Amino acid sequence: MASRQHLSNIIPVIEVALKDANMNIRDVYATAFTPGPGLLGSLIVGVSMAKALALSLDIPLIEVHHMHAHVLAHFAEAPRPEFPFICLTVSGGHTQIVLVKSYYDMEILGSTIDDAAGEAFDKTGKMLGLDYPAGPIIDKLAQKGVPKFKFPEPQVGPLDFSFSGLKTSILYFLQKEMAKNPHFINENLNDICSSVQNTIIHILIGKLIKASEMTGIKNIGIAGGVSANSQLRQTLTEVGKKHNWHTFIPSFAYCTDNAGMIGVAGYYKYLRGEFTDQNVSPLARMDF
Ligand code: KG4
Ligand code: ZN
């Protein structure tokens, strides 16, 4: 379904982008794309389109790592972080603490050993009967709830994450409560969402505090789909004030997957002449 949507949308999206930028396709002097990591079907559409543009317009083709692009989304608009900074990159497939030394040099300090933070939102949503992706829905429902249910937080390496245990404890909790009261989910939806979200955000922020302590770095940013979460954004701002951090939170449009961040990351590669050729192919999994 996702790749069919990509197929039917990609040309109209390019047309709208050119119109908004008041540009003609002939004004485009390079084309950037991501080969992955991600859903293969959708990647095939993007990679094929970028290759076709490069061939037909005779312009450079620039390959951008999906997760680097989430980090570099911070440079789409001011305020832009100074190097080095720590970036918590939280999406549907990844949860990483990245030490960003330059546009080109990034190091993973910690990551999830199982599920990603976005997956924890999405899988919880499935248990609650919510649509996919459930992150934004849980965010909205949580605003009218209180975090009165407690879930255990995982014990893993200082900068690593684990969300599969949380998923299991939410499942057991819901099964137990539904056995006592079959309307439990309906009657407590806002509080359940608030409690789950609160647990996830507490875990994420706790690791950021640890990363800052371990590295001495006080420039702290968040990126990726889950960085659109209102509680994460608010808590980062509050915690940042307490710890004298410079915090960086991208606009909503640059949090969830977007072409702008691919363009920004492509621009920095363009400056160094880092181009790829027509042999490039999409990859569902890729090294960082
Ligand atoms: O970065 P992204 O758009 O795609 C990937 O690269 O995976 O992230 C998508 C993820 C989904 O899991 C979605 O539920 C989550 O981001 N998400 C949110 C919010 N908006 C999107 N999670 C929590 N709160 C949100 N407001
Ligand atoms: Zn993404």
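**Salt bridges, domains and a ligand**

Tutor: The structure holds eight salt bridges, a salt bridge being a side-chain nitrogen of Lys or Arg within 4 Å of a carboxyl oxygen of Asp or Glu. This is a predicted model, in which local features need pLDDT of at least 70 and side-chain atom pairs count only at pLDDT 80 or more, while totals for chains, interfaces and linings use all residues. Residues are numbered from 1 along each chain as its sequence is written, chains are lettered from A and ligands numbered from 1 in the order in which they are written, and side-chain values use heavy atoms, with hydrogens and water left out.

Student: How far apart are Lys123 and Glu119 in helix H4?

Tutor: Helices are DSSP runs of H or I with at least four residues, numbered from the N terminus. Lys123 and Glu119 are separated by about one helical turn because they are four residues apart in helix H4 (residues 117–127). Their side chains meet in a salt bridge, at 3.2 Å from N to O.

Student: Into which domains is the protein divided?

Tutor: Domain bounds come from an automatic or database domain assignment. Here domain 1 covers 2–69 + 256–271, and domain 2 covers 80–250. Their centres, taken over C-alpha atoms, are separated by 29 Å. Seven residues from domain 1 and nine residues from domain 2 take part in the contact, where contact means heavy atoms within 4.5 Å.

Student: What area is buried between domain 1 and domain 2?

Tutor: Buried area is the accessible area (1.4 Å probe) that two parts lose on being put together, summed over both. For domain 1 and domain 2 this area is about 690 Å², and carbon and sulfur atoms give 71% of it. Met67, Thr256 and Tyr268 supply 74% of the area that domain 1 buries against domain 2. Across this interface the rule finds zero salt bridges.

Student: Which residues come nearest to ligand 1?

Tutor: A residue counts as near a molecule if one of its heavy atoms lies within 4 Å of it. Of the 19 residues around ligand 1, the nearest are Gly92, Asp122, Asp139, Gly225 and Asp257.

Student: Where does an oxygen atom of ligand 1 lie relative to Asp257?

Tutor: An oxygen atom of ligand 1 is 2.8 Å from a polar backbone atom of Asp257.

Definitions and conventions: Polar contact = N/O pair within 3.5 Å; in protein donor to acceptor, adjacent residues only side chain to side chain. Helix = DSSP H or I, 4+ residues; strand = E, 2+ residues; numbered from the N terminus.
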